[in-house]
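Hello,

As promised, I am passing a structure on to you. Please have it open while you read the notes below.

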Amino acid sequence: MAKATKKQALGRGLSALLKDPENDIQSVADKNADKVIGNVVELEIDSIEVNPFQPRSNFNDESLQELASSIRELGIIQPITVRKLDFNKFQLVSGERRYRASKLVGLQTIPAYIRIANDQESLEMALVENIQRQDLDPIEIALSYQRLIDEIQLTQEKMSERVGKKRSTITNYLRLLKLDPIIQTGMRDGFLSMGHGRALVNVEKKKNQLALYEQVLARKLSVRETEQLVKELREGKKETPTATTEDTTKELPGYITKNVDAIKKHLAVKVAITSSASGKGKIVIPFHSKEEFQRLKKILSGD
């Protein structure tokens with residue numbers, strides 16, 4: 001406990017150093033830079049701005065609330081990483097969920113590692129560090145890889161070294177970006193896995209991709225079953241894939257389209273709905289954790 005208090009006091013001391021105009025550190029060569037750069041410093045949250053290079057775009061509200069509760073009880077266990085912009089001004093490099101959750105709790109300060117980097121270095125750091133996260137969806141990872149190629153001009157070989165992944169793994173992620181945007185959204189929302197996506201990307205025509213995608217959702221097909229459908233289509237055994245054996249219509253009936261937004265709002269998740277010409281249909285409700293499943297169960301059961 002005494003050790004933790006001493007470390008926190010040190011962080012606050014460094015914070016005071018950063019607020020001294022006579023010690024405005026702009027490079028690693030500046031006086032006192034060695035005391036700040038790479039160390040944990042207690043920074044005012046209002047002095048930190050969100051990173052425009054952040055590759056992650058989805059932040060689950062419930063997950064943020066859970067993290068906020070943890071921070072309220074235990075504090076920040078892992079510091080965020082920032083880069084210095086100007087005098088007492090910083091920008092997030094990684095740790096946006098911790099930053100957002102801390103603001104929800106109402107914290108005035110947050111522990112942070114400080115780095116000095118230009119815009120390109122900041123972008124590369126943000127992309128590489130976020131790729132290592134376990135909770136990014138496959139499309140977010142693929143987009144991060146693509147940005148490293150487009151904006152940092154990294155080759156797949158260099159990228160493999162930088163992120164510690166096999167080149168074949170990187171290639172598999174990048175191929176997902178050839179999927180129809182509707183399917184990409186379905187992957188981001190948890191309606192199908194990366195394995196399903198890797199199977200569907202082997203279908204060249206987007207309309208056929210979408211038809212198979214509808215089958216996967218409506219029939220809850222496994223990755224292996226999806227691969228078999230794709231194989232049959234490519235071998236010419238099926239000229240035009242249909243969404244279901246009951247001739248699922250591509251356009252949903254009016255009574256569904258008028259109420260689908262209300263369902264999504266009530267459940268606070270995105271749902272997938274399919275309907276056949278005979279009037280039968282299915283509603284697929286995704287969940288990403290045991291806690292979210294329990295929350296949905298409560299809503300659906302009226303508890």
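**Helix α9 and its surroundings**

Let me begin with a helix pair: α9 (residues 181–188) packs with α11 (residues 206–219) at an angle of about 35°, and their axes are 9 Å apart. On the α9 side the contact is made by I182, I183 and G186, and on the α11 side by Q209, L210 and Y213. Sorted by class, the contact of α9 with α11 has 4 nonpolar, 2 polar and no charged residues. Please keep in mind throughout that this is a predicted model.

Helix α9 also holds Q184. Is Q184 buried or exposed? Its relative accessibility is 14%, so Q184 counts as buried, the cut-off being under 20%. Leaving aside neighbours within four places in sequence, Q184 is in contact with I139, L176, L177 and L179.

**The whole chain**

Stepping back for a moment, the chain has 15 helices and 8 strands. It is made of 303 residues, of which 43% count as buried. If you take the contacts between residues at least 6 apart in sequence, 66% of them join residues at least 24 apart.

**From α11 into α12**

The loop between α11 and α12 contains K220. Here is some background for the next point: most residues other than glycine have a negative phi. K220 has a positive phi, near 50°, and is a residue other than glycine. With 68% relative accessibility, K220 counts as exposed.

Next comes helix α12 (residues 223–234), where you will find T226. At 1% relative accessibility, T226 counts as buried. Which residues does T226 touch, not counting those up to four places away in sequence? They are H196, A199, L200, V216 and L221.

In contrast to the buried T226, E227 counts as partly exposed, at 42% relative accessibility. H196, one of the residues that T226 touches, comes up again here: the C-alpha atoms of E227 and H196 are separated by 7.7 Å, although the two are 31 residues apart along the chain.

Two packed helices are described by the angle between their axes and the distance between the axes. With that in mind, have a look at α3 (residues 61–74) and α4 (residues 96–105), whose axes come within 8 Å and cross at roughly 70°. Angles of 65 to 115 degrees count as roughly perpendicular, and α3 and α4 are therefore roughly perpendicular to each other. Their crossing is right-handed. From α3 the contact involves S63, L64, Q65, L67, A68, I71 and R72, which meet R97, R98, R100, A101, S102, L104 and V105 in α4. By class, the contact of α3 with α4 has 7 nonpolar, 3 polar and 4 charged residues.

The other pair is α7 (residues 156–163) with α8, packed at an angle of about 110° with the axes 9 Å apart. α7 and α8 are therefore roughly perpendicular to each other as well. Q156, E157, M159, S160 and V163 are the α7 residues in the contact, and they meet R167, I170, T171 and L174 of α8. In this contact of α7 with α8, the classes come to 4 nonpolar, 3 polar and 2 charged residues.

**An aromatic pair**

How many aromatic pairs does the count come to? By the distance rule used here, the count comes to 1 aromatic pair. Y145 and Y173 form this pair, which is tilted, with 5.8 Å from centre to centre and 55° between the planes. Y145 lies in helix α6 (residues 138–151) and Y173 in helix α8 (residues 167–175), so the pair ties together parts that are 28 residues apart in sequence. Both Y145 and Y173 are buried.

Finally, a look at a strand: E44 lies in β1 (residues 40–44). At 32% relative accessibility, E44 counts as partly exposed. Where does I110 sit relative to E44, in sequence and in space? The two are 66 residues apart in sequence, and 6.4 Å apart in space, C-alpha to C-alpha.

Key. Residues numbered from 1 in each chain as written. Predicted model: local features only at pLDDT ≥ 70, side-chain atom pairs only at ≥ 80, totals over all residues. Heavy atoms only, no water. Axes fitted to C-alpha atoms, helices over the stretch in contact; angles between N-to-C directions. Helix = DSSP H or I, 4+ residues; strand = E, 2+ residues; numbered from the N terminus. Parallel < 35°, antiparallel > 145°, perpendicular 65-115°, else oblique. Left-handed = near helix turned anticlockwise from the far one by under 90°. Contact = heavy atoms within 4.5 Å. Nonpolar A, V, L, I, M, F, W, Y, C, P; charged D, E, K, R; others polar. Phe/Tyr/Trp six-rings, centres within 6.5 Å; stacked < 30°, edge-to-face > 60°. Buried < 20%, exposed > 50% of the residue type's maximum accessible area, 1.4 Å probe, protein only.
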